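Let's take a quick tour of a protein's inside. Have the sequence and the 3D view ready, and follow along one topic at a time.

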Amino acid sequence: MSLQEFLINKGYCKVKLHYTKTNHFELKAAINGEKGRFILDTGASNSCVDFEFTNMFGLTVEDSDVKAAGAGAIDMLTQVSKKNIVKIGKWKSKKNSIILFDLTHVNMALANHNANSVHGIIGADILKKTKAIIDYNKKYLYLKL
């Protein structure tokens, strides 16, 4: 029995991952019904969206005292949006918090490698919630339904 068959039998859905020119996995996801392109980042504690896409994803935001840091940027101002519907493949959850901050540094790094820009990052918060399993070899993300 393959890993895929085993996980599907255990109630997981599979989501295709795309390997980028920057050696990241990228996937498609929807927030509040709007589709976007996201980096899969197991090292990011929270899922994030760039401030630029607040309206696109219908996010209601409030200020946050948390400062974001990562990939060469520190002490970045953030906002938070609560109770959002996130859908990845067949998996869907209605009570997700999304952190908003400036992802310009991420998209500039992608552009420097001729890679597509992203709307945000899917982080460990969602990966833990979904009991995610990543098949690096076959480029699939498995999420528990």
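Two strands pair if DSSP finds at least two bridges between them. Helices (H or I, at least four residues) and strands (E, at least two) are themselves DSSP runs, numbered from the N terminus. Keep in mind that this is a predicted model, where local features need pLDDT of at least 70 and side-chain atom pairs count only at pLDDT 80 or more, while totals for chains, interfaces and linings use all residues. Residues are numbered from 1 along each chain as its sequence is written, and side-chain values use heavy atoms, with hydrogens and water left out.

**Strand E3 and its partners**

- Strand E2 (residues 18-19) and E3 run antiparallel, joined by two bridges.
- Look for Tyr19: its bridge partner in E3 is Phe25.
- The hairpin of E2 and E3 has five residues between the strands, and Asn23 there takes a positive phi near 65 degrees.
- On to E4: seven bridges join E3 to E4, and these two also run antiparallel.
- Leu27 has Phe38 as its bridge partner in E4.
- The hairpin of E3 and E4 has two residues between the strands, and here Asn32 takes a positive phi near 50 degrees.
- E3 is mostly covered, with six of its seven residues buried; buried means under 20% relative accessible area, exposed over 50%, and partly exposed in between (1.4 Å probe, protein chains only).

**The nonpolar cores**

- A nonpolar core is a set of buried Ala, Val, Leu, Ile, Met, Phe, Trp, Tyr and Cys residues joined through side-chain atoms within 4.5 Å.
- The largest nonpolar core has 23 residues, and those with the most contacts inside it are Leu27, Ile31, Leu40, Val49, Ile88, Ile122 and Leu141.
- Several elements supply at least two residues each to this core, including strand E1 (12-16), strand E7 (73-88) and helix H3 (124-129).
- E3 gives the most to this core: four residues.
- Apart from it lies another core of 12 residues, among them Val80, Val106, Leu110 and Ile121.

- Leu141 sits in strand E11, and it counts as buried because its relative accessible area is 0%.
- Contact means heavy atoms within 4.5 Å.
- Leu141 and Glu26 are 115 residues apart in sequence and 10 Å apart in space, C-alpha to C-alpha.
- Ser93 is in strand E8, and it counts as buried because its relative accessibility is 13%.
- Not counting residues up to four places away in sequence, Ser93 touches Asn84, Ile85, Val86 and Lys129.

**The cavity**

- On a 1 Å grid over the protein atoms alone, a cavity is a set of points where a 1.4 Å probe fits but cannot get out, and lining residues have an atom within 4 Å of a point.
- Grid points are joined across faces, edges and corners, and a volume is the space filled by probe spheres set on the points.
- The count comes to one cavity of 30 Å³ or more, and the largest cavity has a volume of about 30 Å³.
- Its lining includes Ile31, Phe38, Ser47 and Cys48.

Technical notes:
On a 1 Å grid over the protein atoms alone, a cavity is a set of points where a 1.4 Å probe fits but cannot get out, and a pocket is an open set with protein on both sides within 12 Å along at least five of seven lines; lining residues have an atom within 4 Å of a point.
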